[in-house]
Amino acid sequence: MTLENLSCQKSFGGWHKRYRHRSNVLGCDMVFAVYLPPQAEEGWHLPVLYWLSGLTCTDENFMQKAGAQRLAAELGIVIVAPDTSPRGAEVAGDPDGGWDFGLGAGFYLNASEQPWSRHYRMHDYVVHELPALIEANFPVSDRRGISGHSMGGHGALVCALRNPGRYRSVSAFAPISNPMECPWGEKAFSRYLGEDRSRWREWDACALLATASERLPLLIDQGDRDDFLDTQLKPQALQQAAQAAGHPLRLRLQPGYDHSYYFIASFIDDHLRHHSEQLND
Ligand SMILES: N[C@@H](CCC(=O)N[C@@H](CSC=O)C(=O)NCC(=O)O)C(=O)O
């Protein structure tokens, strides 16, 4: 598969690069960003952290705002940031014009309903197709971690919970904890997956925790001044599900922080260290 390099900037001794490629899974061209720390030029096979962004984002938000490159360079972690949905002229968006469904809002699931099922298969893209591409073209190992924010925080939890053995580490910032029970999730799931709510359980982190066969420790940070906390995010649902399942969860409520990348930048180092410990274990 051909990778077209779109840009390249030196950062903390390593390189931030953006690429376009054809995705067979999504049936469209996709752009992703990769941060390659300095160790990538020394022939090492480095671990990779996949970052899943939230609603309205592209590959650019995290790389420009989170400030992850300094510590990733020190720890020798490659970071890959995909887009948040399929894109392009051939891909349908939200017919109602909303920002919380369709383009920029793929929810990291495989849609089963028409017309979404043709392109909206972000789970298979981020779990299988993109890592295969990364592992074939960059000096990386198969030691994978996954993290993300909001829609992407939930996506990271679901990708790890659905694919035991595929990731060594997982964390999330302000995840949509229980999408089956919040407006963002109900809107997306009813359209992507249909009205039968029993089928939504396969894509909901709280439901998946109950039956998980692997118990990767979860690190979650949540700001207590987040405008979406009580209506959309509901971390207590995740806490209850983890407790009921005996799943290790460290949920940190961070006083004064909101939903923005100012919050993510404040705690990204803790998450990178959490991933580094398990990726290098
Ligand atoms: N429509 C609003 C708010 C959109 C928003 O807050 N998006 C978050 C993720 S929300 C959950 O998935 C985000 O990460 N935004 C990008 C950023 O760089 O902050 C709007 O767009 O104004």
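Biologist: Which residues does the UniProt annotation "active site" cover?

Modeller: Start with the record, then turn to the coordinates. The unreviewed UniProt entry gives Ser150, Asp226 and His259 as "active site". Keep in mind that the model here is predicted.

Biologist: Where is serine 150 found in the fold?

Modeller: Look at the elements on either side. Serine 150 is in the loop between β6 (140–148) and α4 (151–162).

Biologist: Where does the ligand sit?

Modeller: It sits in the largest pocket.

Biologist: Which residues come nearest to the ligand?

Modeller: Read the shell of residues around it. There are 13 residues around the ligand, and Leu55, Asn61, Lys65, Ser150 and Met151 come nearest. Sorted by class, the shell has six nonpolar, six polar and one charged residues.

Biologist: How far is serine 150 from an oxygen atom of the ligand?

Modeller: For polar contacts, look for pairs of N or O atoms within 3.5 Å. In serine 150, a side-chain N or O atom is 2.8 Å from an oxygen atom of the ligand. Leucine 55 uses its backbone instead: an N or O atom there lies 2.8 Å from a ligand oxygen. Tryptophan 99 has a polar side-chain atom 3.4 Å from a nitrogen atom of the ligand.

Biologist: How much of the ligand does the protein bury?

Modeller: Begin with the ligand alone. By itself the ligand exposes 550 Å², and the protein buries 70% of that.

Biologist: Now the backbone. Which residues does a cis peptide bond join?

Modeller: Omega is the angle to read. Glutamine 114 and proline 115 are joined by a cis peptide bond, with omega about 0°. Proline 115 is in the loop between β5 (78–82) and α3 (122–137).

Biologist: What is phi of tyrosine 108?

Modeller: Phi of tyrosine 108 is near 55°, a positive value in a residue other than glycine. Tyrosine 108 is also in the loop between β5 and α3. Phenylalanine 12, not a glycine either, has a positive phi of about 50°. Phenylalanine 12 lies in the loop between β1 (4–11) and β2 (14–23).

Terms used
Residues numbered from 1 in each chain as written. Predicted model: local features only at pLDDT ≥ 70, side-chain atom pairs only at ≥ 80, totals over all residues. Heavy atoms only, no water. Near = heavy atom within 4 Å. Polar contact = N/O pair within 3.5 Å; in protein donor to acceptor, adjacent residues only side chain to side chain. Areas by Shrake-Rupley, 256 points an atom, 1.4 Å probe, with all protein chains shown as cover. 1 Å grid on protein atoms, 1.4 Å probe; cavity = no way out; pocket = protein on both sides within 12 Å on 5 of 7 lines; lining within 4 Å. Sits in = over half its atoms within 2 Å of the grid points. Nonpolar A, V, L, I, M, F, W, Y, C, P; charged D, E, K, R; others polar. UniProt positions renumbered as here; feature names shortened; annotations may be inferred. Helix = DSSP H or I, 4+ residues; strand = E, 2+ residues; numbered from the N terminus.
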